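Biologist: I am new to this structure and would like to learn how to read its features. Please take them one at a time.

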Amino acid sequence: MATIFSPSALLSSTSTAATTPKSPLPPQPKTHLPIPPKKPFLPNLTTTLAATALATTILTTSTPPSLADSLTTYRLYYGTAASAANYGGFGGNSDKKASAEYIYEVPDGWKEKLVTKIQKGTNGTDSEFFNPKKKTEKVYLTFLDGFRKLAPKDSVLNNLALSDVDLQDLIATADNVSSEERKDDKGQVYYVYEIDGVGAHSLISVTCANNKIYAHFVKAPTPEWNRDQETLRHIHESFKTVVG
C-alpha cells in the first residue's frame, strides 16, 4: 500500500502528466477531416463542367439555326399571272389580292426582284423573291397559257427543263429526283418534285388551273439548303392556286 502512495509514484504520475502535452498529438485531428469524401467529388465536378461545356458548344452550333427557323415570320404574296402585254411594271397596276390567281408565303426580309416584260414573254416568269443574304437562295413562279390539264409527271418535269438551263443541269447531275402527286383541300392536283443535286437543292410544285400551267420553284445551294431547309420547305408548301 505504501508503494502505491509513495512520493515517487506520485512524481512519476505527475511527470508523466506533465510530459503528455508535449507528445505529437496534433496529427490526430486530421483523421477527422472529410478529405476522402471530397476527392471523389472533384473528378465528378470536373466531368460535370466538361459535359456542360460540351453541351453549350453543341447548343451554340446547332440550336440557333432551328431557333431562327421557328421564329421566321412570313407575308402572303398574291400573284396575278399577268401576260406580258398587260404587265404594268413593278407591283402591277391592279389590286393584286382581288385579282390573284395564286399565292405563296415569303419570309420577312426577302426582297422582290423586278420581273421584266422580256422575262414574262420568254419563260413566263411572273414573280421572284430572294434572300438578300444569299441571292441564289430564291423562290419564283412561271406560268404558261393554253393548258387544260396536266401531262404525266415525268414529261412535265422534262418540259419545264427545256426552258430552264439551270434546271437541266440540276437534273443531269442530281443524286436523287423524287416526284409525287398530291391534292389540296379543294381537290386541286399538284405534282411535287424534289431534286437533290451535287451543289444545289430544288423543290418544284406544278399544277393546272384557269387554263394555265403554274410552276413554283424554291432553289438553294446545298449549304443554304442544309441551313434553311425548314424555311424553304415552308415556302414550297405554302404555294397554291386561287381558282375562281
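Modeller: Start with a strand pair: E1 and E2 run antiparallel and are joined by 6 bridges. Two strands pair if DSSP finds at least two bridges between them. Helices (H or I, at least four residues) and strands (E, at least two) are DSSP runs, numbered from the N terminus. Within this pair, arginine 75 stands opposite valine 106 in E2.

Biologist: What should I know about the model and the numbering?

Modeller: This is a predicted model, in which local features need pLDDT of at least 70 and side-chain atom pairs count only at pLDDT 80 or more, while totals for chains, interfaces and linings use all residues. Residues are numbered from 1 along each chain as its sequence is written, and side-chain values use heavy atoms, with hydrogens and water left out.

Biologist: In what order do E1, E2 and E10 form a sheet?

Modeller: The order is E1-E2-E10, an open sheet of 3 strands with antiparallel pairing. E1 and E10 stand at the edges with a single partner strand each, so one side of each has no neighbour in the sheet. H7 lies across E1, E2 and E10 and runs at about 165° to E2. Axes are lines fitted to C-alpha atoms, for helices over the stretch in contact (heavy atoms within 4.5 Å). Angles run from 0 to 180 degrees between N-to-C directions.

Biologist: Which strands form the sheet of 7?

Modeller: That open sheet has the order E3-E4-E5-E9-E8-E7-E6, again with antiparallel pairing. Strand E3 (111–112) and strand E6 (176–183) are at the edges; each has a single partner strand, so one side of each is left without a neighbour in the sheet. E6 and E7 are joined by 8 bridges, and valine 177 stands opposite isoleucine 195 in E7. H5 lies across E6, E7, strand E8 (200–209) and strand E9 (212–221), at about 60° to E7.

Biologist: How do the axes of H5 and H6 cross?

Modeller: The axes of helix H5 (residues 153–162) and helix H6 (residues 165–172) come within 6 Å and cross at roughly 130°. The two helices are therefore oblique to each other. Angles under 35 degrees count as roughly parallel, over 145 as roughly antiparallel, 65 to 115 as roughly perpendicular and the rest as oblique. Leu157, Leu160, Ala161 and Leu162 in H5 meet Val165, Leu167, Gln168 and Ile171 in H6.

Biologist: How many aromatic pairs does the structure hold?

Modeller: A pair of aromatic rings is described by the distance of the centres and the angle of the planes. Rings of Phe, Tyr and Trp (its six-membered ring) pair if their centres lie within 6.5 Å; planes under 30 degrees apart count as stacked, over 60 as edge-to-face and the rest as tilted. The structure holds 9 such pairs. Tyrosine 77 and tyrosine 104 make a tilted one, 5.4 Å centre to centre with 45° between the planes. Tyrosine 77 lies in strand E1 (residues 74–79) and tyrosine 104 in strand E2 (residues 102–107), so the pair ties together parts 27 residues apart in sequence.

Biologist: Is tyrosine 104 buried or exposed?

Modeller: Buried means under 20% relative accessible area, exposed over 50%, partly exposed in between (1.4 Å probe, protein chains only). Tyrosine 104 is buried at 0%, and tyrosine 77 is buried at 8%.
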